[in-house]
Amino acid sequence: MAEARLKVAVLIISTTAAKDPSTDASQLALSDVLDKEGGGKWELVDTKIVSDVVTQIQRQIMLWADVAAENINLIVTTGGTGFAIADNTPEAVSALLHKQAPGLVHGMLAASLQVTPFAMMSRPVAGIRNKTVIVTLPGSPKGAKENLEAILKMLPHACQQAAGMDSRTLHAGGVKKLEADAGIDSSSKQSHSHAHHDHGHSHGHGHGHDHGDLVRHTSPNIDPISNDPSLGPSRRSRESPYPMLSVDEALQKIKEFTPPSEVIASKVDTSLAGRVLAEDVSARENVPGFRASIVDGYAVVVPKDGKLDGVFPVVSVSHAAPGESEVKELKEGEIARITTGAPLPPGATSVIMVEDTVLKTTTDDGKEEKGVEIHVEGVREGENIREIGSDIKADDVVLSKGELISAVGGEIGLMAAVGVAEVKTYRKPVVGVLSTGDEIVQHDRPGDLRLGEVRDTNRITLMCAAREQGFDVVDLGIAADTSGTLEETLRDALRRVDLVITSGGVSMGELDLLKPTIERSLGGTIHFGRVAMKPGKPTTFATIPVKNNAGERISKVIFSLPGNPASALVTFHLFVLPSLHQMSGISPAGLSKVPVFLAHDFTLDKARPEYHRALVVADGSGRLLATSTGGQRSSKVGSLRGANSLLCLPSGKEPLKKGTKVDALLMGHVRVDV
Ligand SMILES: *[C@@H]1O[C@H](CO)[C@@H](O)[C@H](O)[C@H]1NC(C)=O
């Protein structure tokens, strides 16, 4: 059977080699192994060098493994697998794996342990992302070569299966044939089971405890699909199948999958405040559109010597009021009274301020000026005159694409001044807020709660927060916990709004139907379902494909926030807002970050970075001080009070001391306490 060769990409992870590629020797060693020992099955299609930096490593791997057209079957990395501080490869790679392959890791370690006990100092990972097998090799050319040799014979089979080749075809000849194909003699080795490749135990996907008081003892498994609700509680996943992302990774997903902003033509009026320009705006007209005086005084024709000396007749009057076009041409020796902003009479070349003049004679009825005395020297043409277009010239760009039309600045006024009546802006997304859960009752329902009932605080809170950020909000009510109802409610919502926020229904409860409804009924994609943070771990971000009115395929966004009011509010600001900003063209997206000083010691979460609700006030010297707003257990409603910011606290065992500088994300206004 003539087979296409399997495509390999090699990633050299070395800060030294990134600076000077000539220092790298492993590339050669690896291509050598693939050529000489790969049985002609491998084609090295790409090699890249990156520094020991998690984001760089991940970016390159995703470029290879996330684009179907790349069709890369195998990525091998070399470097960064040791115990040194700069060794980040296993962490960078395992966060990307959809499936772990501990067998390959075991194979590599077992082989190198036969060579040296230092093999224990290598921390390889292996697994599958999309259809690509990924293996991390050590940085030394010798170690990399040995490790690759140890698993090379199994890799074609691994890659073919990962790429989705029909396993019946693959396994048609039984284990013996597979081994023969791979060139392995099983008589000396344990044969491996083909019935079910066991991915039983997996590493590296974090197991952050939700609160200090929730404890689990086993490590999570990976199988990215939500529960099938029809199977009933006995068949549901016993833990979240979604990989745990860091906050940065989650934000990256939001950036990547938030649908593009829509450009619309809008009238220039007060409703534009808060929108972002989708085009450069040019002045339609000159400002000023005519030669205008900038003082009250007398328009004159400046004589050659710049001297005006004597009593001059006032031959006309020019007011700022428009329409008096019958002003006659001014001659040298005549003057015309003029007010600030009024057009100059034709022929006038300068304006003398009224303060530099003395009224000498009036008309017979005493109502008008007749003769005005002026004694000035060195008068130049153009004095006290604004020339046509001296402020803004027609066709000058006055505002740029991407600029925010603020309610405090003068952008709208500027557009009005230059005669622009319509501009292109990014449409602001409409937000829908939905609560889910049979236990949730309307917040203002009269009477006492029955056992198990909870008042719906999140919907009203989130609607408020979205409005405060300048978005139109639709109240989607409370959806009952039955799959049909939820699906119908969401379908209806997606017709009316661009982004749905739901809250409740995101933990692992038996009746949490949201994820299955998104994935199974609405054909949506869940981009993340867990985030390593406190509070807000179960935050979920999904997009749903829909058709717009024009029949084009677009996508809409669903954020599913934790049911706890405080967590919902934190995750709204941290995750939903950047998505809304991106759709609105607002950049940078999300809350502004400022450095603040802790007003007291803060205890840290041992495992997860925390977004701690706090009150930030400016003291007399302008220093920003942060005080916790109370208990931070995610269900504590009390901590919502008075919080105007979220402190970005790292995880750690020791408390952060009073006076430590940390970043704060500002949700509200900063008070000044003097
Ligand atoms: C690969 O997986 C990533 C993360 O789960 C996903 O975003 C991407 O669309 C996938 N690519 C393909 C080609 O399946």
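A polar contact is a pair of N or O atoms within 3.5 Å; within protein, one must be able to donate a hydrogen and the other to accept it, and residues adjacent in sequence count only if both atoms are side-chain atoms. The structure is a predicted model, in which local features need pLDDT of at least 70 and side-chain atom pairs count only at pLDDT 80 or more, while totals for chains, interfaces and linings use all residues. Residues are numbered from 1 along each chain as its sequence is written, and side-chain values use heavy atoms, with hydrogens and water left out.

**Exercise 1.** Find which residues surround the ligand, and then examine its contacts with D66, H98 and N130.

Solution. Begin with the surroundings: D66, A68, H98, R129, N130, K253 and F257 surround the ligand, each having a heavy atom within 4 Å of it. Next, take the nitrogen atom of the ligand that lies 3.0 Å from a polar backbone atom of D66. Then turn to the side chains, where a polar atom of H98 is 3.0 Å from an oxygen atom of the ligand, and an N or O atom of N130 is 2.5 Å from a ligand oxygen atom.

**Exercise 2.** Describe how helix α10 packs against helix α15.

Solution. First, locate α10 at residues 247-257 and α15 at residues 565-584, helices being DSSP runs (H or I, at least four residues) numbered from the N terminus. Their axes, which are lines fitted to C-alpha atoms over the stretch in contact, with angles running from 0 to 180 degrees between N-to-C directions, are 10 Å apart at an angle of about 30 degrees. That makes α10 roughly parallel to α15, a class that covers angles under 35 degrees.

How values were computed:
Helix = DSSP H or I, 4+ residues; strand = E, 2+ residues; numbered from the N terminus. Parallel < 35°, antiparallel > 145°, perpendicular 65-115°, else oblique.
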